[in-house]
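Hi everyone, thanks for making time.

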Amino acid sequence: LNRDLPLMRVLLYLNGAEGYQTGIEDGFNYLKDQGRIQELQWFYYQEYERNNGHQAATAQMVRMAQEFLPDIVVFYHIAKFRIDEATLSTIKGLSSKPLLAYDEGDMYGGIAKPMSRQMKTMMKMADVVSVRGLGAISEQIKKINPAIIYTPHHADIARFDRQPYILERR
């Protein structure tokens, strides 16, 4: 990041249970600690939906964005979470005019995880789509949104810092 740019406020919408995405949390906290982003918030939308229902989760997403007024909003792995264009338009239409990024790193070429309707909605509405592969799946995504960036896979050091368990037998 260019240190001459103004500091950003970043809002992350994370999938899974609270604390599941420690690698993402740690990476963005590092940027905050380094003074590269000004403020950071995140929200585990799937867990909130599981505990409070879909409508409440969507309302909380919008409320957080309206109160925080981020410069960048990053959605991770929407899968089958029912996100709609109206909700995304509300977030994109905030006075802070946030950049909307969508990260979909679990598509496995679209074979193991085919594109859901919700993923297509996110890809269509996003200012940029981050994917882990640039093969055939990126060609499908380009038809929805040509603003694709490649983001390599990474390991979560906090989870994988033990010696490997070696199997002696099958």
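I'll go through the salt bridges, then a helix pair, then one glutamate.

A quick word on the ground rules: this is a predicted model, where local features need pLDDT of at least 70, side-chain atom pairs count only at pLDDT 80 or more, and totals for chains, interfaces and linings use all residues. Residues are numbered from 1 along each chain as its sequence is written, and side-chain values use heavy atoms, with hydrogens and water left out.

So, how many salt bridges does the structure hold? There are 3, where a salt bridge is a side-chain nitrogen of Lys or Arg within 4 Å of a carboxyl oxygen of Asp or Glu.

Let's start with Glu39 and Arg9, whose closest N and O atoms are 2.5 Å apart. This pair links distant parts of the chain, with Glu39 in strand β2 (residues 37-44) and Arg9 in strand β1 (residues 8-14), 30 residues apart. Strands here are DSSP runs of E with at least two residues, helices are runs of H or I with at least four, and both are numbered from the N terminus. Arg9 is buried at 19% relative accessible area, while Glu39 is partly exposed at 30%; buried means under 20%, exposed over 50%, and partly exposed in between, using a 1.4 Å probe and protein chains only.

Next, Lys124 and Glu85 meet in a salt bridge at 2.9 Å, N to O. That one joins helix α5 to helix α4, across 39 residues.

The remaining pair to show you is Lys92 with Asp127, at 3.5 Å between the closest N and O atoms. Lys92 lies in α4 and Asp127 in the loop between α5 and β5 (128-131), so the pair ties together parts 35 residues apart in sequence.

Now, how do α4 and α5 pack? Helix α4 (residues 85-92) and helix α5 (residues 117-125) pack at about 30°, with axes 10 Å apart. That makes them roughly parallel, a label for angles under 35 degrees. Glu85, Leu88, Ser89 and Lys92 in α4 meet Thr121, Met122, Lys124 and Met125 in α5, with contact meaning heavy atoms within 4.5 Å. These contact residues divide into 3 nonpolar, 2 polar and 3 charged.

Finally, have a look at Glu25 in helix α1 (residues 22-33). Is Glu25 buried or exposed? Glu25 is buried, at 11% relative accessible area. Leaving aside residues up to four places away in sequence, Glu25 touches Leu14, Gly19, Trp42 and Tyr44.

Terms used
Axes are lines fitted to C-alpha atoms, for helices over the stretch in contact, and angles run from 0 to 180 degrees between N-to-C directions. Angles under 35 degrees count as roughly parallel, over 145 as roughly antiparallel, 65 to 115 as roughly perpendicular and the rest as oblique. Ala, Val, Leu, Ile, Met, Phe, Trp, Tyr, Cys and Pro count as nonpolar, Asp, Glu, Lys and Arg as charged, and the others, Gly among them, as polar.
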